[in-house]
Amino acid sequence: MSTPLLQVRDLATHFDTAAGVLKAVDGVSFDVHAGEIVGLVGESGSGKSVTGFSILGLVDAPGRIVGGSVKLDGVELVGAGNAALRAVRGRRISMVFQDPSTTLNPVLSIGTQMRLALAAHERLSDVAARSRAVEALTRVGIPDAARRLDAYPHQFSGGMRQRVAIAIAMLNRPQLIVCDEPTTALDVSIQAQILTEMKALARDSGTALIWISHDLATVSSMAARILVMYAGRLIEEGPTAIVLRRPRHPYTLGLLNSLPGNAVPGRDLVQIPGTTPSLLDLPAGCAFAPRCTHADGMCATPPDLVRDGPRAVRCHHPVNAERAEVETAS
Amino acid sequence: MTAKDATSPLGRFWVEFKESRTAVAALGVVGVIVLLAVLAPLIAPQNPYDLAKLVLMDARRPPGFVGSNGFTHWLGTDAQGRDLLSAILYGLRISIQVGLIAGAIAFIMGATLGATAAYFGGRIEALLMRIVDLQLSFPAILLALVLSAILGQGKWQLVAALVTAQYAYFARTTHGAAAAERSKDYVDAALSTPLSAARVVFRHILPNCLPPLIVVATIQIANAISLEATLSFLGLGLPVSEPSLGMLIANGFQYMLSGRYWISIYPGVALIVLIVAINLVGDQVRDQLNPRLKR
Amino acid sequence: MLGFVIQRLLQAFVVMLIISLLVFVGVYAVGNPIDVMISPDATQQIREATIKAYGLDQPLWQQYATFLGRLMRGDFGRSFVFNMPVLDLIFSRLPATLELTLAAVLGATLLGVPLGMYAGYRPDSRFGKLVMAVSILGFSVPTFWIGLVLIFTFAVTLGWLPAGGRGATQSVFGVEWSFLTADGWRFMLLPAINLALFKFALMVRLARAGTRETMLTDTVKFARAAGLSEWTILRRHVLRLIAIPIVTVFGLEFGSTLAFAVVTETIFSWPGIGKLIIDSISTLDRPVMVAYLMLVALLFIMINFLVDIAYAALDPRLRVKRA
């Protein structure tokens, strides 16, 4: 296999709050290859979004990256100077956020915002910049792009706004786009459209995607490989279809079983007992142990991530369940 | 004790407040000044209102001067021979009195008006708020100036002028907060229970309106004190028999040009310290209560 | 758009009418205006003649009607004290106040907004904290006190600048302006600074608060993710976003500054309309008081109107969509 495009090793991001140190990301390692779509799954507070931000060095105070490495084509990003990071952001790695109504500036036309994103990396004439912007908008499926360039964000629907954000992210043809729950804030019908379009865009331009979501269904339809996070740590990794059919980690199994789509009619919905631990006060051993039905004394020591071919699991007692296929959105 | 240990909202507020040394210091200063003002009749070396005790020969003397009655004037004397330290203490007393009373009345009037407008809605709300908005765009000082001129001099006339100039801020803040609250789901939920509407307003809506009101109140008290001083300086407001700090400063203005600075400067310093301290406290309160600054 | 303008004009007219009534009643109904105009030992005959001449014997509503009628013709009456038409009196003093206010307001904004943005961008830096400390002083300290300190420091102790009065003027379009002469600036500097300080503090605090809030939004984060430099973000995104509340306050505070000129003009003996109103109040020169208040009200209505237009220009969400 060729060198991975992105190599994340032992990434740790902590938040210094008044109540203590919050370990949002606690030693996460994974690779992303060129053109690959990787899904990063977890519930709220699992650290998936912070991982995404950490890759681009966009963690706001009181958070900071306390350790680990993020290498893009072998070049280290953690601790890199501002100029180096700015050269990467928007040009080699882009990001799409969750809520397009807050990411686009309401008082600037989208043409202006796109021009700013272009000007950050290239010197272009007004005409050239405009045509690049029109081309990007057309590619994401916005009709009458030339005229819409002078419109303002509030004149677009939610789905269109997200398309604009995606267009901005793809303007400079990045090698990797980090997508942080980009469809969560949209109507279900639009969600499906955006998913299909992004998948096609990524394939056509050879861009790799890190698709961050709490929604297993969307991730499973997008990503070839899936990473599951819990309480700031990576607990399971592997090809999507296989992980969803034969999960190894009890948490993943519990998550899949609790999906309403998998419920047996007439029976109670399955739940994982207990709640996610506070990131201020993580248990000493395995973070999932308090809620795990398979836990024992061994789980008082933190388990390592054990690799087995394309799969990896962080558990002392991995399960070997065979499940029916999860309903995926196509 | 960390923020998560304190249980009541007030307790949590205080813990966070303590983290700003400036704010705590300012609060301390305000406390000391208020204490001095309240105790003024007891601790002032001389009663500046007692005209009989004034020795004209001792007028305009510099700080540290020992008067003809063997009395040390630590801050000097003013044009009438009044001990400046005593005059300042009494002046602070009046300034704080007027500021607090005017602020309190404006608060009650304005908050009631704003809440009423928000409660009734519709045309009543539109009309009331239009009046408030119009008045807000008129500068407080002009209003106070003209009202003072029309009503004449006197403490209650001054309070009336100040209240008229300030109630609009409270009204608008209350209306804004109440209107935002009433559209929230919990109000619908509460109104659908057997609780009376008045109870909903007082027990549920108003407490949520308090944070911005507290911020406005702190600012407005400082403003009232400042406005009163300005009016007194211009010769309106309080009568000569009750010298406020503004009047002391005004009286001393002409002497400043000839080098006898203390008559104006010391009362001025006292006034500034009071207002700045109140504003510093208000600043910290405002930052703490601003939800958009929470990270 | 036209409908908007007409609606506002009608509103303005109604408001002016109400204000004229309030002002008239407030000023004329309290106290006895006749006492100002004639000496106390005038005979009863002269007294009655003067009362008749000024129409003060008529019922209040009739006086008001006459007042309104004259207003329509642009006649604000004559000053009791100066014995000249009020309008002429006011307009002769207006330029002085206008130039002072403009200098103060422009200076305060051009200096205050950038400093405030810096303080909001780096709230924990030493300079940022210093700016905030100065702004608290400018905000809390009453204007008259700052004026005193300025005079004491620069005029009395250091002797650099004059302590009062207005400098040499130059005539443009028949109006005397002093900012066109160097000498005029010597006299205008201290009162302008005095007047500007409060506004400056306000602008600093607004810019700081707005910048601080905006820097935490997703808009800024997204712009950073696109590779924009911090400078570009501040200049193109943050500034545009905080411009809306700043412009609003700028407009509203312009009127307030005009009013505060009253204090500054008194301290610095600046011959503007502020000093005029103070003198009129103490001498109970009612026609001047009425005219001043009405003109100020008119000015405020105009300013509100302009601010609304600027608001729509700055925030595209408020613009009426064209069919």
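Reader: How many salt bridges are counted between chain B and chain C?

Author: A salt bridge is a side-chain nitrogen of Lys or Arg within 4 Å of a carboxyl oxygen of Asp or Glu. Between chain B and chain C the count is one. Arg205(C) pairs with Asp283(B), and their closest N and O atoms are 2.5 Å apart. This is a predicted model, in which local features need pLDDT of at least 70 and side-chain atom pairs count only at pLDDT 80 or more, whereas totals for chains, interfaces and linings use all residues. Residues are numbered from 1 along each chain as its sequence is written, chains are lettered from A and ligands numbered from 1 in the order in which they are written, and side-chain values use heavy atoms, with hydrogens and water left out.

Reader: What area do chain B and chain C bury between them?

Author: Buried area is the accessible area (1.4 Å probe) that two parts lose on being put together, summed over both. Here it comes to about 3,500 Å², with 80% on carbon and sulfur atoms. In terms of contact (heavy atoms within 4.5 Å), 39 residues of chain B meet 37 residues of chain C.

Reader: Which secondary structure elements does chain C have?

Author: Helices (H or I, at least four residues) and strands (E, at least two) are DSSP runs, numbered from the N terminus. Chain C has 12 helices and two strands, in the order α-α-α-α-α-α-α-β-β-α-α-α-α-α. Its C-alpha trace spans about 85 × 65 × 35 Å along the principal axes. Of the contacts in chain C with a separation of 6 or more, 71% join residues 24 or more positions apart.

Reader: What share of the residues in chain C is buried?

Author: A residue is called buried when its relative accessible area is under 20% (1.4 Å probe, protein chains only). Such residues make up 50% of the 323 in chain C.

Reader: Is Ser232(B) buried or exposed?

Author: Exposed would require over 50% relative accessible area, with partly exposed in between. Ser232(B) has a value of 2%, so it is buried. This serine lies in helix H9 (residues 197-233) of chain B. Beyond its neighbours within four places in sequence, Ser232(B) touches Leu238(B), Ser244(B), Gly246(B) and Met247(B).

Reader: Where is Val164(A) found?

Author: Val164(A) belongs to helix H7 (residues 158-170) of chain A. Its relative accessible area is 0%, and therefore Val164(A) is buried. Leaving aside neighbours within four places in sequence, its contacts are Leu104(A), Ile110(A), Leu137(A), Ile142(A) and Phe156(A).
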